[in-house]
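Subject: Structure handover

Hello,

Here is the structure for your files, with notes on what was found in it. Please read the notes with the model open beside them.

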Amino acid sequence: MKFQVSAIALGCIALLSGCGGGGGGTDGAKEQTIDFQMPFLGQATIGVPPNSAHTTLKATASSGGTVTYSSATPDTCSVSGDQLTLLKLGECSVIATQPGADGFAPVSKRQTFVVPKNPQMISSFINPGWQPLDSTPVQLTATFTSGLPPRFSSTTPSICSVSGNTMTKLANGMCIVTAEQEGNDYFMPALLTDETTLGKAMAKAMSKSIPIGTEKPAMVNFLSGYKDTDHTVEGLIGHAGNQWWCDSCDRAVSSDGKSFTFTSTFDKAPQASEYYKASLQLFATGIVDNDVANTDSVYRATVKDDPFLTPDPASPKGARLDIQTALHFNLAENAEWFGSANNQVKVEMFLAPFKKTDGTVCRLALQSTVQPTAAAATDYRLGFKDNFTFSQACGMSAPDVAVLVQTQPVVELRFSAVQPNGQVANASSKYVSQFKLTGPVYFQ
């Protein structure tokens, strides 16, 4: 005897199929059908205790009769009334039944789907930055969206080793450390070997390059030079402009585009409170005129919030840092200002605006003070941890500068006189505060 399996029967045997059943015509009863919506639309993931994944089952019978539900896989998923709860990984099969009445034959329909684990991603992996070659251990910190602990490892064992969350420095060079998560009964693993599954961006975030000893961090330019008095090669320049209070506020760019000079001149000695009259703002790559705000007295005073709260991935704005630990620039002052008692320059660094948990918008702002060592052009280095303090910490308690500059791009730098020259006049009896930036302004 030969048996044949119909195409309909094969469809009901296949995994992940919705199989309709039903009586029809028995003892003259009328046929009916069930429209049974796929639970979770087939995209459910297992809940993480103490929470469980559940949904309301939805099915209607063509007869209009009441539909009841049951689980054909009670170890994987349970049914109570019209509520479906996922219990563990595996195949969940749910049956919707209308027992028949008022002349209709009974009917049932099954929906089957696989309950997978939850995906996880790395949410934070802070690069500790350049490290001296010594015996001081380096603590590593990373978090995954699952909340599970990271597993750190070194892919450069001759340069550094890792035990638990502690890195040991062994030699000069670039130490490469990865943070992975092996997953558990509820979460899929997040491993670098699964880059095609994770995506390149996530895989990149799971690996950090840490320079040790003589190894230098990569240089990230904030600006490489100047196009004209209102534009750097990469972005924009803001300034106080020629206002009524300033006899001569001049800006100049060298013919080779390497230097920018800002000069503030007064007929009489300015007050200490007039520091803002000798200042300029420099904006980072990608920032355009529509991104900045103007005030009555300052041209391109600061950045607006909107372009950074709704960023365009195709047009990133700002300098993004990782292992860089300091701001570098070359500065010169005019001889009269340098010769005065108050010749310091204030340097401010502004990060992109962001929304706090209470919904308000804030921008982290840092400041440092440079004491010039010469009137002539001199290279200066301001370390994030050693030289900068927060002028706006957005409510954070004891924030770590080196950590936060990795989370938000740097969008603006401001150079200004702590106090304009009001002590030493030049040969024309004018009080001049002039500072000159030469070469790139960069992070390293």
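Pro399 is partly exposed, with a relative accessible area of 22% (buried means under 20% relative accessible area, exposed over 50%, partly exposed in between, with a 1.4 Å probe and protein chains only). Pro399 sits in the loop that runs between strand E33 (389–392) and helix H7 (401–404). Helices (H or I, at least four residues) and strands (E, at least two) are DSSP runs, numbered from the N terminus. Leaving aside residues up to four places away in sequence, Pro399 touches Phe390, Ala393 and Leu404, where a contact means heavy atoms within 4.5 Å. Thr389 is 10 residues from Pro399 along the chain, and their C-alpha atoms are separated by 9.6 Å.

**How to read the model**

This is a predicted model, in which local features need pLDDT of at least 70 and side-chain atom pairs count only at pLDDT 80 or more, while totals for chains, interfaces and linings use all residues. Residues are numbered from 1 along each chain as its sequence is written, and side-chain values use heavy atoms, with hydrogens and water left out.

**The chain as a whole**

The protein chain has 7 helices and 36 strands. Its radius of gyration is 33 Å, well over the 22 Å that the globule rule gives for 444 residues, so the chain is more spread out than a compact globule. The radius is taken over C-alpha atoms, and the rule is 2.2 Å times the number of residues to the power 0.38. Along the principal axes, the C-alpha atoms fill a box of roughly 120 × 55 × 40 Å.

Of the 444 residues, 41% count as buried. The accessible surface of the chain is about 22,100 Å², and 52% of it belongs to carbon and sulfur atoms; such areas come from the Shrake-Rupley method with a 1.4 Å probe, and for residues only the protein chains shown count as cover. Of the contacts between residues at least 6 apart in sequence, 66% join residues at least 24 apart.

**Salt bridges**

The structure holds 12 salt bridges, each being a side-chain nitrogen of Lys or Arg within 4 Å of a carboxyl oxygen of Asp or Glu.

One of them joins the side chains of Asp134 and Lys169, at 2.6 Å from N to O. Asp134 lies in the loop between strand E10 (122–125) and strand E11 (138–139), and Lys169 in strand E15 (residues 166–169), so this pair ties together parts that are 35 residues apart in sequence. Asp134 is partly exposed at 31% relative accessibility, while Lys169 is buried at 7%.

Arg151 and Glu180 also meet through their side chains, at 2.6 Å from N to O. Since Arg151 belongs to strand E13 (residues 151–154) and Glu180 to strand E16 (residues 173–180), the pair ties together parts that are 29 residues apart in sequence. Arg151 counts as partly exposed at 35% relative accessibility, and Glu180 as buried at 8%.

A further salt bridge pairs Glu348 with Arg414, at 3.6 Å from N to O. Glu348 is in strand E28 (residues 345–351) and Arg414 in strand E34 (residues 410–417), so the parts tied together are 66 residues apart in sequence. Glu348 is buried, with a relative accessible area of 9%. Salt bridges that share partners also join Arg151, Glu180 and Glu182 into one network.

Regards
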